[in-house]
Amino acid sequence: MQVKDARQKTEMMQLQLNSQNFDPIRKGDRKAFEQVFRAYYAALVRFALEILKDQDAAEDRVQEVFVKLWERREKIEIQTSLKAYLYMAVKNHCLNKLKTEARTQWMDDEQESEIHSGLAATDARVQTKLMASHIDQAIEMLPPRCALIFKMSRFEEKSYKEIAEALDLSVKTVEHQMGKALFLLRKYLAPYLQIWLTAFLADFFS
């Protein structure tokens with residue numbers, strides 16, 4: 001129960017931080033920086049661990065990200081949310097570590113191909129998880145009725161008629177709310193979709 005309460009408290013802190021801009025840290029506010037560190041450190045280590053499969057290495061990569069965040073705070077421009085920036089930075093640090101380790105080992109062409117395929121698969125899983133996180137966050141930002149109807153339609157696979165009957169609404173109202181939900185989700189996710197498309201094209205043409 002205590003673990004669940006602590007996690008809920010951390011998630012609430014993250015939501016509050018995501019609603020703030022980066023200016024306090026950019027201006028050298030150590031308290032704001034420490035608050036971000038406490039809110040995200042544990043989750044970022046778990047995220048890095050999924051990629052590296054090594055606890056010490058995962059902690060090192062996350063610490064490196066926070067050190068660079070502080071050292072380069074005046075130059076960093078965060079176009080998305082702080083959460084998205086941190087997860088993307090940790091992902092890049094982890095994948096760079098794997099690539100560096102692969103280059104330092106002697107290998108024949110077949111081994112090199114296998115390693116690159118493994119890295120590509122890992123990167124795809126990371127990208128998918130990040131995008132899923134953004135989608136979940138965007139759904140929670142919807143108005144309550146929109147969010148409920150969207151979840152019933154997409155996650156519970158209910159028809160508009162079934163949703164209308166369950167919520168005592170007209171089918172037209174359900175259709176309107178779904179249209180509104182999809183419009184808002186596209187708006188919320190537009191910055192992230194551009195990032196993923198850019199990353200995909202970079203990998204495709206590399």
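The following questions and answers concern a predicted model of one protein chain.

Q: What makes up the secondary structure of the protein chain?
A: The protein chain has nine helices and zero strands.

Q: Why is V45 called buried?
A: The relative accessibility of V45 is 7%. Buried means under 20%, so V45 counts as buried. This residue belongs to helix α3, which spans residues 30-52.

Q: How do you know which residues V45 is in contact with, leaving aside its neighbours within four places in sequence?
A: Contact requires heavy atoms within 4.5 Å. With those neighbours left aside, Q55, A58, E59 and V62 are in contact with V45. A58 stands 13 residues from V45 along the chain, and the C-alpha atoms of the two are 5.6 Å apart.

Q: Which residues have the most contacts inside the largest nonpolar core?
A: They are L44, V62, F66, L86 and V90, in a core of 32 residues. Two or more residues of this core come from each of α3, α4 (55-71) and α5 (82-103). Helix α3 gives the largest share, 13 residues. As for L44, its contacts beyond four places in sequence are V62, F66, L86, Y87 and V90. There is also a second, separate core of 16 residues, with F150, M152, I163 and L185 among them.

Q: What makes the ring pair of F150 and F155 edge-to-face?
A: A pair of aromatic rings is described by the distance of the centres and the angle of the planes. The model has six aromatic pairs. For F150 and F155 the centres are 6.2 Å apart, within the limit of 6.5 Å, so the rings pair. Their planes stand at 85°, and an angle over 60 degrees counts as edge-to-face; the pair is therefore edge-to-face.

Q: Are F150 and F155 buried or exposed?
A: F150 has a relative accessibility of 9%, under the 20% limit, so F150 counts as buried. F155 has a relative accessible area of 52%, over the 50% limit, so F155 is exposed.

Q: Which residues do ring pairs link into a cluster?
A: The cluster consists of F33, F37, Y41, F66 and W70.

Q: How do you know where the charged end of R73 sits?
A: The charged end of R73 is 4.0 Å from the centre of the ring of W70 and sits over that ring. The distance rule asks for a value within 6 Å, so 4.0 Å meets it.

Q: Why does S153 count as buried?
A: S153 has a relative accessible area of 10%, and the limit for buried is under 20%, so S153 is buried. S153 is placed in helix α7 (residues 144-154). Beyond its neighbours within four places in sequence, S153 is in contact with K158, Y160, I163 and M178.

Q: What is the mean pLDDT of the protein chain, and where is pLDDT below 50?
A: The mean is 75, and 66% of the residues reach 70 or more. The pLDDT is below 50 over residues 10-19, a stretch with 15 contacts in the model beyond near neighbours in sequence. It is also under 50 over residues 197-206, for which the model has two contacts beyond four places in sequence. Where pLDDT is low, the predicted coordinates should not be read in detail.

Definitions and conventions. Residues are numbered from 1 along each chain as its sequence is written. This is a predicted model: local features need pLDDT of at least 70, side-chain atom pairs count only at pLDDT 80 or more; totals for chains, interfaces and linings use all residues. Side-chain values use heavy atoms; hydrogens and water are left out. Helices (H or I, at least four residues) and strands (E, at least two) are DSSP runs, numbered from the N terminus. Buried means under 20% relative accessible area, exposed over 50%, partly exposed in between (1.4 Å probe, protein chains only). Rings of Phe, Tyr and Trp (its six-membered ring) pair if their centres lie within 6.5 Å; planes under 30 degrees apart count as stacked, over 60 as edge-to-face and the rest as tilted. A charge sits over a ring if NZ of Lys or CZ of Arg is within 6 Å of the ring centre and within 35 degrees of the ring normal. pLDDT is the predictor's confidence in each residue, from 0 to 100. A nonpolar core is a set of buried Ala, Val, Leu, Ile, Met, Phe, Trp, Tyr and Cys residues joined through side-chain atoms within 4.5 Å.
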